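Reader: I have a model open and want to read its features one at a time. Where do we start?
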Amino acid sequence: KKAGLGKIVRLIDSDNDGKADKHTEYAKVNNPRGLLAIGNKVYVLHSTFTKDGIIDNQYLSVFTDADNDGIADGPAKTLVKDIGNHTPLKSRGTDHSTNGIRLGIDGWIYISVGDFGFQKATGTDGKTLNFQGGGIVRVRPDGTGLETFVHGTRNVYDVAIDPFMNVYTRENTNDGVGWWIRFSHYIQSGEYGYPSLYTNFPEDMLSALNEYGGGSGTGGLYLSEPSWPDHYNNKPLLADWGRSTIFIHAAEAEQASFIAKEPTVFLKVSQVTDLDVDASGRMYIAAWAGAGWTGNAKRGYVVRVLPEGFVYKPFPKLSNLTDAKLLDHLASESHTARVYAQQEILDRKATKLLPQIDALARDKKLTLEARVAALYT
């Protein structure tokens, strides 16, 4: 709840030995809770404060670093304002507030909303949205089109999104009382039952794929990278802070949704908070590691994780590539590479590429994932 706590740091591992050897302070931001780094922009979900230092609300903003010096060029541009709830933020803090952000291959930013909800969030186009309780909302990267995706969750921290736009989460519990850690497949416009339907009217809600007792679901990643073995790949990897574990949540397609398999342990990480993967296949995991509710400068870390036998292939700076090379990455086997290539094409407003992108979508020699990426682009 205190002002002046929080910053974004850019870390660089220039010799690829798994340890950051350079860093810059990218920007000072109050309580950054979710980040997306796309091209020379960093999208951040963060808290805002009044002039007298009292926590007020939450914004989705974007910083730009056009000269690539690792320092934001100036103040952030607001994309969505008031996407938090100032009353519980002031009284309790941000633990059940608006939490993580993730970009889908459909071009929308998906925002995980805790059970604080929000009132009159406003995008750049003036569109407003009220949200009572928890769920997922989404917005375009320019701050337009803010809308509800699903409703009726408790305290979702993050979503895992696959190449076909299936959205998964391992959701936070309500300390028992019948709402346990639940693995869910979110279907657009779905009502997922918290806080009342799951107790009294289960026939009026969409059920979770399965429940697993106590815990605290946090970060999520759908891993779809060719450098990772099949055992881990093309599955949601979902973190649980309370159990200090990242779980593999495999699921089999069944008509319009999935049947959950029993989750298996991917990695034990002390109070794990989040995980992500870069377009070369290197995974990064963040851990609170006993830092406590008020923070501890000696606790908390980020680790790099690689599969056995991993061969590093640097991912190029996409802004330096030709249009033809960009199309190659749009057809890549790497989901992360496809997302980044799509965003670079959109940033260039390269409408001249539409015939080639259309051809990729129709090319049956490509993977279905690559064809879907071309279709969305």
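Reader: What covers the buried residues of helix 3?

Author: First, a caution: this is a predicted model. The cover of those buried residues includes helix 4 (335-348), helix 5 (354-362) and helix 6 (368-376).

Reader: Which residues of helix 3 are buried?

Author: In helix 3 (residues 323-330) they are Asp323, Leu326, Leu327, His329 and Leu330. They span an arc of only 160° around the axis, so they sit on the same side of helix 3.

Reader: Is histidine 335 buried or exposed?

Author: Histidine 335 belongs to helix 4. Its relative accessible area is 9%, under the 20% cut-off, so histidine 335 is buried. Leaving out residues up to four places away in sequence, histidine 335 touches Ile105, Ile161, Asp162, Pro163, Ser224 and Glu225.

Reader: Now empty space. How is a pocket found?

Author: Rolling a probe the size of a water molecule over the atoms shows where empty space is left. Here, the second largest pocket has a volume of about 280 Å³. It is lined by 16 residues, and Pro226, Ala279, Ser280, Lys313 and Ser334 are the closest to its centre. The lining divides into seven nonpolar, six polar and three charged residues.

Reader: How many aromatic pairs are there?

Author: The count is 15 aromatic pairs, taking ring centres within 6.5 Å. Tryptophan 228 and tyrosine 232 have ring centres 6.0 Å apart and planes at 90°, so this pair is edge-to-face. Tyrosine 232 also pairs edge-to-face with phenylalanine 266, at 5.4 Å centre to centre and 85° between the planes. That pair links distant parts of the chain, 34 residues apart.

Note on methods. Residues are numbered from 1 along each chain as its sequence is written. This is a predicted model: local features need pLDDT of at least 70, side-chain atom pairs count only at pLDDT 80 or more; totals for chains, interfaces and linings use all residues. Side-chain values use heavy atoms; hydrogens and water are left out. On a 1 Å grid over the protein atoms alone, a cavity is a set of points where a 1.4 Å probe fits but cannot get out, and a pocket is an open set with protein on both sides within 12 Å along at least five of seven lines; lining residues have an atom within 4 Å of a point. Grid points are joined across faces, edges and corners, and a volume is the space filled by probe spheres set on the points. Ala, Val, Leu, Ile, Met, Phe, Trp, Tyr, Cys and Pro count as nonpolar, Asp, Glu, Lys and Arg as charged, and the others, Gly among them, as polar. Buried means under 20% relative accessible area, exposed over 50%, partly exposed in between (1.4 Å probe, protein chains only). Helices (H or I, at least four residues) and strands (E, at least two) are DSSP runs, numbered from the N terminus. The arc is that of the directions from the helix axis to the C-beta atoms. Contact means heavy atoms within 4.5 Å. Rings of Phe, Tyr and Trp (its six-membered ring) pair if their centres lie within 6.5 Å; planes under 30 degrees apart count as stacked, over 60 as edge-to-face and the rest as tilted.
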